[in-house]
Amino acid sequence: MDRSIIRFSHCDKYIYCFSFHNSDSGGFVDSAGRSSSPHCPLCNSRLRFSLLDAPVSIRTPFDNGHAIPYALTIGSMHGPLYISERDNSELHVGITNSKGVVYNYTMKGVRRDETGWEQCVAVRLVQPGAASAVSLWDRELEHFALSDMWPPERFHEEREFGTCCYAFALGFINQVRAAGGKRCLTRDEFTAIHILPRMKTTSTYVQIYREVLEHDFYMIDRPRDGTG
Ligand SMILES: [Zn+2]
């Protein structure tokens, strides 16, 4: 999912497609490098945009988890196209340390991934500047990972509930919360606070991306607001 998506309005619709941009010659090249002038996929007329209706780029919901310290990372073993609410059972979560190493509990025990989370959803757990929370983070996370709560066998046993990687991440988050004098979160609270809000925007983006990938564009009705 390395292409960026833009949205413009035409034919009373919002139309999503992969980005096109100005080339040096003043023409357009699409994101695959082909020269073309963009046309509306509905009416086929050549697109010319004024300042007010210029295409907007849609922000990707994905982050490089290795570049975001002290975060909860949400990914899918099948790739970012599978990070969505609908594929909930396939989600895999981890916790980054100060250097972006992703600690995550798998059937091989706790892994410390230095690669593989380049396109994930990363939720910052510590606000910038909260030095007290991070001073012991790496040591505590390593200690937590080494505890006997996370053997490979246990991952298998609990796998049917889909709770193993969650339990690891939530366990560590609760340990940090407890050290800061905050009460522990239940699994439902954890999901509602940390997972669902980001999953909603991610699911929408993934749906649009899949449509554009398959049909070259995706459209929705433009809300009637009187601006032509
Ligand atoms: Zn049109």
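Q: Contact means heavy atoms within 4.5 Å. Among contacts between residues at least 6 apart in sequence, what percentage join residues at least 24 apart?
A: The model is predicted, so local features need pLDDT of at least 70 and side-chain atom pairs count only at pLDDT 80 or more, whereas totals for chains, interfaces and linings use all residues. Residues are numbered from 1 along each chain as its sequence is written, and side-chain values use heavy atoms, with hydrogens and water left out. In this protein, among contacts between residues at least 6 apart in sequence, the share joining residues at least 24 apart is 65%.

Q: What is the strand order of the open sheet of four strands?
A: Helices (H or I, at least four residues) and strands (E, at least two) are DSSP runs numbered from the N terminus, and two strands pair if DSSP finds at least two bridges between them. The protein has five helices and eleven strands. In the open sheet the pairing is antiparallel, and β5 (56–58) and β11 (218–221) are the edge strands, each pairing on one side only. With a twist that averages 30 degrees from one strand to the next, the order is β5-β1-β2-β11.

Q: In β11, which residue is the bridge partner of Y14?
A: Strand β2 (residues 13–18) pairs with β1 (residues 5–10) over six bridges in the antiparallel sense; there R7 is partnered by Y16. β1 and β2 form a hairpin with two residues between them, and C11 in the turn has a positive phi of about 55 degrees. β2 also runs antiparallel to β11, with four bridges joining them. In that pairing, the partner of Y14 is I220.

Q: Is F18 buried or exposed?
A: F18 belongs to strand β2, and I5 stands opposite F18. Five of the six residues of β2 are buried, where buried means under 20% relative accessible area, exposed over 50%, and partly exposed in between (1.4 Å probe, protein chains only). With a relative accessible area of 11%, F18 is buried.

Q: At about what angle to β2 does helix α5 run?
A: Axes are lines fitted to C-alpha atoms, for helices over the stretch in contact, and angles run from 0 to 180 degrees between N-to-C directions. Helix α5 (residues 187–215) lies across β1, β2, β5 and β11. Its angle to β2 is about 75 degrees.

Q: How many of the six residues of β7 are buried?
A: In the protein, buried residues make up 38% of the 228 residues. Both faces of β7 are covered, with L91, V93 and I95 buried on one side and H92, G94 and T96 on the other. The strand is therefore largely enclosed by the rest of the structure, the buried count being six of the six.

Q: In β8, which residue is the bridge partner of T96?
A: β7 runs antiparallel to β6, joined by five bridges, and L72 stands opposite I95 in β7. β7 also pairs with β8 in the antiparallel sense over two bridges. These two strands form a hairpin with five residues between them, in which G100 of the turn has a positive phi of about 80 degrees. The β8 partner of T96 is V102.

Q: Which residues touch the most other members of the largest nonpolar core?
A: A nonpolar core is a set of buried Ala, Val, Leu, Ile, Met, Phe, Trp, Tyr and Cys residues joined through side-chain atoms within 4.5 Å. Elements giving two or more residues to this one include β6 (71–76), β7 (91–96), α4 (164–179) and α5. Domain 1 (5–60 + 210–221) and domain 2 (65–203), whose bounds come from an automatic or database domain assignment, both give residues to this core, so it lies between them. Of its 44 residues, those touching the most other members are L72, I74 and F168.
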